Amino acid sequence: MLKGLVNKIIPFSSVDGPGNRTAIFLQGCNFNCLYCHNPETINLCSNCGICTKVCPTQCLYIENGIVRWYKENCKECDSCLKACKSCSSPKTTFMTVEDVIKAIEKTRPFISGITLSGGECMLQKEFVIELCEAVKKLGLTAFIDSNGSIPFYGDHRLIEAIDMVMLDVKSFDKEEHKMLTGQDNEMVFKNMEYLASINKLYEIRTVIVPGVLINERNVDKLSKRLAELNPNIKYKLIKYRPIGVRTDIIKSSVPTDEMMEKLKDIAIKNGCKDVVVI
């Protein structure tokens with residue numbers, strides 16, 4: 001039976017797409033963004049056991065060489081995540097589609113849909129497809145939050161299963177994108193153009209990182225391209241915030257409101273009609 005590796009499920013979220021949504025974070029990512037705010041979702045647990053030594057409630061233990069998590073005792077103090085050197089989490093769970101649907105059913109009357117995120121949820125594409133198909137049978141919408149590294153085109157079943165995609169476009173420049181993430185952005189732009197052409201691109205998002213990215217150039221180039229594709233697609237400009245990030249590998253600061261408004265003005269002047277700053 002097909003299972004997905006789930007990092008966590010947030011029953012109610014107002015920031016992961018329109019309306020009140022259940023956000024499902026899958027484990028594993030093929031990007032290694034310098035400013036990643038959830039670095040514990042990047043890699044799979046290596047079972048080194050360091051986390052078991054710092055857990056104050058002893059809800060983590062090793063059994064047959066594998067780190068196990070006794071969820072009922074967990075206080076969510078995140079001591080394990082702070083101690084981990086592998087950008088992973090011992091608090092992941094293999095779940096079937098039926099398992100996730102049971103979790104969704106608890107809050108179904110109060111949500112408009114689900115959003116699959118990560119890590120990079122599209123690395124578990126077959127699980128994503130089956131879950132989205134099951135969710136739509138409940139009368140809910142299925143959104144994908146993606147870094148755009150896995151092709152959406154060429155898979156009719158995938159496109160039929162999902163309603164919309166929220167796409168991270170981290171940098172317009174290929175070399176800057178590679179410096180930031182470890183990967184180039186060719187596939188990201190292919191997905192951006194394809195999803196816009198079939199009206200399944202809900203928004204693109206760019207994190208503004210002072211001193212690390214050439215932010216004004218990125219916003220100028222990206223907003224022009226987005227306006228050409230569809231000026232009504234939401235363009236979200238996100239402030240870098242040093243919360244949860246690995247400050248040993250990135251040195252930046254929160255951009256000022258003045259900087260964000262200047263970048264917003266650039267996007268609007270370039271033709272984008274729905275520009276949001278958060």
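**Exercise 1.** In this predicted model, find which residues of α7 meet which residues of α8, and sort the contact by class.

*Solution.* Start on the α7 side: F189, M192, E193 and A196 make the contact. Now hop across to α8, where their counterparts are L222, R225, L226 and L229. Sorting them by class gives six nonpolar, no polar and two charged residues.

**Exercise 2.** Work out how the directions of α7 and α8 relate, and which hand their crossing has.

*Solution.* First, locate the helices: α7 covers residues 186-197 and α8 covers residues 215-229. Next, check their axes, which come within 10 Å and cross at roughly 30°. Angles under 35 degrees count as roughly parallel, so α7 and α8 are roughly parallel to each other. Last, the hand: α7 passes α8 in a right-handed crossing.

**Exercise 3.** Zoom in on β8 and β9: how many bridges join them, and what is the bridge partner of V165?

*Solution.* Find β8 at residues 164-168 and β9 at residues 201-208; the two run parallel. Count the bridges between them and you get four. For V165, the partner in β9 is L201.

Key:
Residues numbered from 1 in each chain as written. Predicted model: local features only at pLDDT ≥ 70, side-chain atom pairs only at ≥ 80, totals over all residues. Heavy atoms only, no water. Axes fitted to C-alpha atoms, helices over the stretch in contact; angles between N-to-C directions. Parallel < 35°, antiparallel > 145°, perpendicular 65-115°, else oblique. Left-handed = near helix turned anticlockwise from the far one by under 90°. Contact = heavy atoms within 4.5 Å. Nonpolar A, V, L, I, M, F, W, Y, C, P; charged D, E, K, R; others polar. Pairing = 2+ DSSP bridges.
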